[in-house]
Every structure is written in C-alpha cells, then in structure tokens.
Amino acid sequence: MSRSILATRAALASATVALFLLLLKSYAASKTGSVAMLGSLADTALDLLASLVTLWGVRVAAEPADHDHRFGHGKAEALAALFQVFIIGLSSVAILARAVQQLLAGQTTANAEYGIGVSIIAILATLALLVYQRYVIERTGSVAIGADHVHYQSDVMLNIAVIAALAIDQFGGMRGADPLFGIAIALWLMWGAWRASAQAVDQLMDKEWPAERRAAFMKVAEQHPELAGIHDLRTRTSGTHDFVQFHVWMDPKITLDDAHRVMDEVEDQLMLAFPGTEILIHPDPEGHVDRVPISALEATTGTIH
C-alpha cells in the first residue's frame with residue numbers, strides 16, 4: 001500500500017474519532033458544567049477541524065508533480081501541520097481564559113459521572129487511534145499525521161485531567177480543582193503546539209536529514225568500487241517524499257557511457273535502501289573542485305574521499 005493512501009486513511013480515522021467524541025463531550029459538558037470538560041470539548045471540536053485540514057493536506061501532498069510544481073506537492077503536509085499548531089494554540093488560550101474566569105467566580109461542577117464516563121470512552125478511542133497513527137507514521141514519515149499524533153497524545157492527558165478534576169472537585173470536596181486542572185490542560189496544549197511546529201518548519205525550510213540518516217545514505221552510496229569519492233551531499237524532505245542530490249568523483253578517462261552505467265548502479269543500490277527517494281547524481285572528474293566556495297555546506301554534510 002502506498003504511503004499517500006496510508007496517510008489519507010489515518011487522516012480519515014482522525015476525523016471520524018473527533019466527530020464521535022465531539023458528540024459525546026457536548027452531552028457531558030451540558031450535564032456537568034465543568035470547565036475542564038468544556039476545554040476538552042473545545043479541543044475536540046478543533047481536533048475535527050484540524051483533522052479535516054490534515055486530510056486536505058495529505059491528499060494534496062499525494063498529487064504527482066506537475067508543470068507548476070516540479071518537486072511535487074509534499075509541502076502541503078507541512079502547511080496543514082502548521083494550521084494544526086495554530087488551532088491548538090487558539091484552543092489552549094480559550095481554555096486558559098475560561099479556567100481563570102471560573103476560578104475567580106468560584107463556580108462548581110455537577111453530575112461528575114457523565115464527564116468521567118465520557119472521558120473514559122474518549123481515552124479508549126484515542127488510544128486506538130494513536131496506535132494506528134504510529135503504524136502509519138513509521139511507514140510514511142508524514143509530518144501532517146505526525147502533528148496530528150502529537151495533538152491526540154495530549155488529548156489522552158487532557159481526558160485523564162478531566163477525570164481527576166471532576167473526581168477531586170465533587171467527590172474529594174476540593175472546590176477549585178476543576179479550573180486549576182483546566183489551566184494545566186491549557187499549558188500542556190501550548191507545549192504540544194510548540195513541539196508539533198518544529199518538524200513542519202524544518203520541512204518548509206528544507207532542513208537537512210538527521211546526521212545518522214545522512215551517514216547511512218553515504219555508507220550505501222560509497223560502496224560502489226568505481227567511485228573515487230562523494231561530496232556536496234544535499235538532502236531534504238517534502239511531505240512523504242525525500243530528495244537527495246550529490247556529486248561523485250570518477251576517473252576522468254572513463255567514457256560517458258560507463259559513467260552513466262556507474263551512476264545507474266549507485267542509484268539502484270540507494271533506491272533499495274531508501275525506497276521512494278528522488279536522487280540526482282552529478283559526475284565530476286576525480287579531484288575537481290567547484291569554483292564557487294561551499295565550505296559551509298561541507299561542514300554540515302561532510303566530504304568522503
């Protein structure tokens with residue numbers, strides 16, 4: 001199954017779970033009056049919106065390259081992930097404001113059993129979704145599903161906090177526990193938004209692959225006996241698509257036909273180890289140095305002789 005199909009199915013699963021939980025939490029919030037439950041409801045409503053945007057992002061990212069987008073549409077995933085970060089930030093600010101308001105007003109909650117029951121169902125449904133998302137992320141590397149995964153991880157903590165807030169507030173007799181938990185939930189969401197933004201920004205800025213992955217790529221590439229060296233390695237990721245380009249040093253007396261054969265063999269080896277990666281190889285005569293200084297680039301990618 002293709003990576004784009006897996007990512008699309010994960011986005012559909014997220015939207016379905018969010019819609020189911022939205023209906024349950026609306027009922028529970030009306031019965032309890034809990035600010036923690038209200039915050040959980042608001043977060044779920046925004047989950048649904050974010051999941052729909054994620055679905056749009058992975059579908060656009062799966063579209064093949066065209067005349068105006070020669071490198072494909074992969075960065076649509078990063079844009080969808082940043083939209084999720086914006087949504088998470090908005091929900092956390094709204095929850096924080098509502099919690100502070102209830103704390104100052106001294107409002108109390110009611111019918112804790114409704115909120116606790118719904119939160120338990122929400123935890124079970126979210127855990128099932130997280131398992132599926134992790135499966136998809138491991139096979140696709142989707143940044144949009146990754147951001148969604150971070151968000152739903154925070155949802156588990158949020159629902160646990162709702163249960164604790166209602167139980168302590170009503171059964172433990174500690175008035176004010178509910179809004180305090182609401183404040184903690186809001187701060188947790190803000191932290192989640194900050195974490196989720198990092199990978200999306202890295203993709204939009206064409207950040208290099210992690211050092212370990214670049215080293216693994218170079219290890220495969222340099223195995224070919226007819227290469228005198230590899231240099232000027234550049235890597236980037238766009239959605240579920242990876243792009244790599246590098247220069248190779250070769251015997252200057254080799255024929256063009258033989259050079260083409262060697263590069264095809266190198267590319268075949270790399271495609272087996274890094275399937276789906278778009279690879280561009282530029283041949284240089286052994287010892288050739290580009291006239292434009294690239295010392296800063298080589299400081300990060302390394303040069304293998």
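Biologist: Which exposed residues sit on the face of α8 turned away from its buried side?

Modeller: Asp257, Asp268 and Leu272 are the exposed residues carried on that face. Keep in mind that this is a predicted model.

Biologist: And which residues of α8 are buried?

Modeller: Ala259, Val262, Met263, Val266 and Leu270. They span an arc of only 95° around the axis, so they lie on the same side of α8.

Biologist: Why would residues a few places apart point the same way?

Modeller: An α-helix has 3.6 residues a turn, so residues three or four places apart face the same way.

Biologist: What covers the buried residues of α8?

Modeller: The cover includes α7 (211-221), β2 and β3.

Biologist: How many residues does α8 have, and what is its reach?

Modeller: There are 18 residues in α8, and from first C-alpha to last it reaches 26 Å, close to the 26 Å expected at 1.5 Å a residue.

Biologist: Does β1 run parallel or antiparallel to β2?

Modeller: Antiparallel, with eight bridges joining β1 (residues 229-238) to β2. In one of them, glycine 229 has tryptophan 249 of β2 as its partner.

Biologist: And β2 to β3, parallel or antiparallel?

Modeller: Those two run parallel, joined by nine bridges; β3 covers residues 277-285. Valine 248 stands opposite proline 283 of β3. Between β2 and β3 the chain passes through α8 (residues 256-273), in a β-α-β crossover that is right-handed.

Biologist: New topic. How many residues are in the largest nonpolar core, and which have the most contacts inside it?

Modeller: That core has 37 residues, and Val162, Ile185 and Leu189 have the most contacts inside it.

Biologist: Which helices each supply at least two of its residues?

Modeller: α1, α2 (35-61), α3 (75-105), α4 (112-140), α5 (143-171) and α6 (177-204). α5 gives the most, with nine residues.

Biologist: What lies apart from it?

Modeller: Another core, of 20 residues, including Leu227, Leu233, Ala259 and Val262. Ala259 and Val262 are also among the buried residues of α8.

Biologist: Last one, threonine 8. Where is it?

Modeller: Threonine 8 lies in α1 (residues 3-32).

Biologist: Buried or exposed?

Modeller: Threonine 8 counts as buried because its relative accessible area is 13%, and the cut-off is under 20%.

Biologist: What does threonine 8 touch?

Modeller: Leu55, Val58 and Arg59, leaving aside residues up to four places away in sequence.

Notes
Residues numbered from 1 in each chain as written. Predicted model: local features only at pLDDT ≥ 70, side-chain atom pairs only at ≥ 80, totals over all residues. Heavy atoms only, no water. Helix = DSSP H or I, 4+ residues; strand = E, 2+ residues; numbered from the N terminus. Buried < 20%, exposed > 50% of the residue type's maximum accessible area, 1.4 Å probe, protein only. Contact = heavy atoms within 4.5 Å. Pairing = 2+ DSSP bridges. Right-handed = clockwise from strand over helix to strand, strands pointing away. Expected span 1.5 Å × (residues − 1). Arc of directions from axis to C-beta. Core = buried A, V, L, I, M, F, W, Y, C linked by side-chain atoms within 4.5 Å.
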